Amino acid sequence: MDGKQPNHHSPTAKSNFSGGLTPIPTRVWPRKYNLDGECSGEGTSDELLYEDFEMPAFKVDDAIQKVEFGLFHCVVVTAVFFSRVVYSSHIALAVLIIPTIRIELSWNRYECLAMQCAIFCGCLTGAIPLGKMSDKYGRKATAIFGIIFTLVCAAGSTFCQRTLVIIPLKFLEGFFIQGVVIFPVYLTEVLATEYRSVSNTVCQIGLAIGYSSTGLMAYYLLPEFGWRGLTGLVCTIGVMNFIMIVILPSSPRQLALIGDNVKAYSSLRYIFKLNGGKMQNGALRDIGRIPRARMGEVRSVFRDRCASHLSIVIWIGRYLTQFAVIGAQLGGSILLFNPFFTKDTLGSLTFTMFHPRNGSSSFAHNITELQVFSLGAAGELAGSMVIVPMIRCFGVKQNLFLTTSIYTVVSIYVVTGVLLQQRWLVIACSVVSSAVARASANLMVVYTTDAYPTQFRATAFSVSEMFVSLAVVSGFLLSELLSANNFILELCFFSTSSFITSMSLAFLPIETKQRPIEET
């Protein structure tokens, strides 16, 4: 004997020696987990720890793929759905209450425009900070942080009487609401591949629900309760969403990636428990710990040619699809300004849905805008719902190309209907354009959440949200620059941009449907 003893504690001990070995207390392994997923730190001589001899090791993705459709999926989809309702209702509210505030505070045109752009500029500013926060500290924590301060800023504006206070509060409201906007990335990380795309598409219906419900509340409640009461009612939706988010577990993918396997295992156990299933015994496999400081790096989006190519196409797609949504909404201005679209000739499609109860000149303009808003909201809701069964049959890329192409054709028909004074053609095509524009924008959200790895998924998604905010602001500025007499030029502009969208989306490098989630 040369004095060199065999190592009975090595991972290969079972293959080097005959006979089965039992777990032996040791300090060889730096991190151990028992059957309940509790970490005991380093091995000591007085505790029995388990390693690869008896316990199978698995990755977070392996466990998530085994979660069957059940209560947990319903809770997650409901929470993300309401987060989209909260976002869209706050955005719509900031626009719909402007005529009322203008009368109350005697605002001029530029103050109204500043109010309109404040919340979107806040979204533009808060995208990257809250995206990085989500990658570093968790999707759930960031959503809770964002929704609390969004409600504080929104409710605080109702107690203000000065323009110099209301507009900054709307800016901060847009800043913090980005913590809610990026919450769809949570759904991507906790659902199995077969449920991911369809569930995320269903959640995007919340955007149209938020727009339409806020429009209805503005019509029925704004005359009686004013903009302050309506703001308080919208905040109650955020309170309900806050409760839903609190009961959810943290994202196990994000926790495992930063090396917090104990909390990741606990989140997985909570998911299985909520779903009524039993999680397999075992230990989480170490996939390589990434320091928290490296999570959510913006430069990671440009780290190689493939990522930069993907990001550029996504940015163009998200900007132009949202620009198409704004174009469809502003296209409804034809119903307001064109001479042959009057209250007598427009028919019962809009004016039997919303009967003006206040005939005063100060409120009539607001009512007319709400009537046109209702048409666009109905179209967006229809498009959001129709795209759900389509996503089950076709890939995300195919549906994106289809919807943007239809928008281009329908926009041409709107211009043709106006020139030929075919009012029903214009009304029908306006609703269809709103539907396909919203469908394409929703699909871009689904594609973006699935395309990036967990390490910087929220940051990359928030960067793309910056282009959405830019599209909204530029769309409103374009509508201000082009007068009502130039609406044909305006529609041609939006139609051309949609054609460019359909061409650019053909260069998306990957199909995200049924594609496994990348971690790094």
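Modeller: L191 is buried, because its relative accessible area of 1% falls under the 20% cut-off for that class. The model is a predicted one, and the account below should be read accordingly. As to its place in the chain, L191 sits in the loop that links α9 (184–190) to α10 (193–203). Leaving aside residues up to four places away in sequence, the contacts of L191 are with I64, F72, H73 and S199. A further relation across the sequence concerns K66: the C-alpha atoms of L191 and K66 lie 9.7 Å apart in space, although 125 residues separate the two in sequence.

S199, one of the residues that L191 touches, belongs to α10 and is itself buried. Helix α10 as a whole is mostly covered, with nine of its eleven residues buried. Along this helix the buried positions are T193, Y195, R196, S197, V198, S199, N200, T201 and C203.

Directly after α4, S106 adopts a positive phi of about 60°. The packing partner to consider here is α5. In general, a pair of packed helices is characterised by the angle between the two axes and by the distance between them. For α4 (residues 98–105) and α5 (residues 109–137), the angle is about 140° and the axes are 10 Å apart. The arrangement of α4 relative to α5 is therefore oblique, since only angles over 145 degrees count as roughly antiparallel. The crossing of these two helices is right-handed. On the α4 side, the contact involves I98, I101 and R102, which meet C112, M115 and Q116 of α5. By class, the residues of this contact comprise four nonpolar, one polar and one charged.

Finally, a word on confidence. The chain has a mean pLDDT of 75, and 75% of its residues reach 70 or more. Among the elements, the highest mean pLDDT, 93, belongs to helix α6 (residues 139–157), and the lowest, 33, to helix α16 (residues 348–351). Residues 1–38 have pLDDT below 50, and this stretch makes 63 contacts in the model beyond near neighbours in sequence. The pLDDT is likewise below 50 over residues 40–53, a stretch with 35 contacts beyond near neighbours in sequence.

Notes. Residues numbered from 1 in each chain as written. Predicted model: local features only at pLDDT ≥ 70, side-chain atom pairs only at ≥ 80, totals over all residues. Heavy atoms only, no water. pLDDT = per-residue confidence, 0-100. Helix = DSSP H or I, 4+ residues; strand = E, 2+ residues; numbered from the N terminus. Contact = heavy atoms within 4.5 Å. Axes fitted to C-alpha atoms, helices over the stretch in contact; angles between N-to-C directions. Parallel < 35°, antiparallel > 145°, perpendicular 65-115°, else oblique. Left-handed = near helix turned anticlockwise from the far one by under 90°. Nonpolar A, V, L, I, M, F, W, Y, C, P; charged D, E, K, R; others polar. Buried < 20%, exposed > 50% of the residue type's maximum accessible area, 1.4 Å probe, protein only.
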